Amino acid sequence: MFGPSCRCVVVVGAQWGDEGKGKIVDVLSKSADIVVRYQGGANAGHTVVLGEEEFILHQLPTGVLHSEVRCLIGNGVVLDPDTFVSECEGLEARGIDLGRRIAVSERAHLVLPYHKLLDRASETRQKIGTTGRGIGPAYEDRTGRRGIRVGDLKSPERTECLVKQNVERVNMLLDALGSTEHADEQEHLALLEAVTPKLLSLSADVGMLVQDAVDNGKNVLLEGAQGALLDVDHGTYPFVTSSNTTAGAAAAGTGIGPLTIDAVLGVVKAYTTRVGNGPFPTEALGDVGERLRSMGGEFGATTGRPRRCGWFDTAVVRYAARVNGFTNLAVTKLDVLDEFDKIPVCVGYGGDGYSDGGFPADLEAVDRLEPVYEEMEGWKQPTTDVRRFADLPAQARAYIEKLESLLEVPVSFVSVGTRRDQLIEVE
């Protein structure tokens, strides 16, 4: 995707997350100089398979598995310092040399143990289906102007004051929620004391690093977490994550101007999944849903929860294309459909149909949607060894071309397996 006129590319999920962004970013990283995570936190789980080894990354950008790539964590990310340090140590123990390749925005907010306590207690009242990693409460503190940022660690006195105030506030909230757990001020201070030297040694102005790189002709990938339909503003609210997952957040979460971005690559599964509660118009229940789950290995990389599975929803992805401005698409997990005789594709909904790239904001309206399906012929043969689009079975090519036609966005990549080499670049 990179070239003289395309130096900065955003990779965004186009459904409800788990689309396979990790693999796509990993493959594209071989041509990148810098990869940046721009939002989300340790609730994300990007899986990459290298040979016989599987790597699941929660905080670090996926490009970290390429030895020459610099990996940055932007200000839009909420950083769990414990998870971050453990992930770094775990990768180094597995032979991944991080060296000086990692940098963290000094403006990134920290996720602390009291955020996780509050997240778990809140979930007992409001069944959203969060991961319990403290992401929502951390973003709430950021918006409420009481968060602790990486740069604040330069002042131990200020940090101690913020911890004291926040622990007192959280404990009052925990009592009100009926929780038997409470945050401990000294535990938090001890954690921050332990991680401060490492975090400060890696802190930087990430936006300036990215802009300088682009200005000097280097290639930059901006990596999002979750998916467009989980965006706090544009997703199926309130069953969403706590940050903006769409491409518009890439500039704000990195610290660059929007005109620095040259292309937006949307990643979609060849079918649809979502984790947790919330609307899912094309969900396949019973044996069909279980078959998709089993064949696709659809279990959350972060929580291990089984994913809900269903057919491709064109209306959802057209909406995602509009709010993100996709210039290209990557279709993943085509191989999961290899054994199906017939493959339904939702081309719209009964009534309005939402064929114009719209999607209802009201959940009651979403519940009333009736998907309209067109059945495509299955190809009934393996695709995992195919490396050229022309060599795919005719019915598989027809399926991809159908999606491309319905979405009006060119498909540039098709993934037919978990490994790096199982990716077809469409000419």
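Predicted model: local features only at pLDDT ≥ 70, side-chain atom pairs only at ≥ 80, totals over all residues.
**Entry 1: the ten-stranded sheet**

I began with the order of the strands. Reading across, I got β9-β7-β5-β2-β10-β1-β11-β15-β18-β19, an open sheet of 10 strands with mixed pairing.

Strand β11 covers residues 263-269 and strand β15 covers residues 328-332. I noted five bridges between them, and the two pair in the parallel sense. To get my bearings I looked for residues facing each other, and Leu265 turned out to stand opposite Asn328 in β15.

**Entry 2: Ser203**

What does the side chain of Ser203 have by it? I found the backbone oxygen of Leu200 at 3.0 Å from a polar atom of that side chain. Leaving aside residues up to four places away in sequence, I listed Val104, Glu106 and Val150 as what Ser203 touches.

**Entry 3: helices α2 and α6**

Then I turned to a helix pair. I took down two things, as two packed helices are described by the angle between their axes and the distance between the axes. Helix α2 spans residues 81-93 and helix α6 spans residues 185-202. Their axes come within 10 Å and cross at roughly 60 degrees. Are they parallel or oblique? The perpendicular class only starts at 65 degrees, so I wrote down α2 and α6 as oblique to each other. The crossing of α2 past α6 is left-handed.

I also wanted to know who makes the contact. From α2 I have Pro81, Asp82, Phe84, Val85 and Cys88. From α6 I have Leu191, Val195, Lys198, Leu199 and Leu202. Sorted by class, that gives eight nonpolar and two charged residues, with no polar ones.

**Entry 4: the three-stranded sheet**

Last, I looked at another open sheet. Three strands make it up, in the order β14-β16-β17, and the pairing is mixed. The edges are β14 (312-313) and β17 (371-377), each pairing on one side only. I saw that β14 and strand β16 (residues 342-349) run parallel and are joined by two bridges. Here Asp313 stands opposite Cys346 in β16.

Which helix packs on this sheet? My note says α10, residues 314-324, which touches β14 and β16. The direction of α10 makes about 55 degrees with that of β16.

Definitions and conventions
Residues numbered from 1 in each chain as written. Heavy atoms only, no water. Pairing = 2+ DSSP bridges. Helix = DSSP H or I, 4+ residues; strand = E, 2+ residues; numbered from the N terminus. Polar contact = N/O pair within 3.5 Å; in protein donor to acceptor, adjacent residues only side chain to side chain. Contact = heavy atoms within 4.5 Å. Axes fitted to C-alpha atoms, helices over the stretch in contact; angles between N-to-C directions. Parallel < 35°, antiparallel > 145°, perpendicular 65-115°, else oblique. Left-handed = near helix turned anticlockwise from the far one by under 90°. Nonpolar A, V, L, I, M, F, W, Y, C, P; charged D, E, K, R; others polar.
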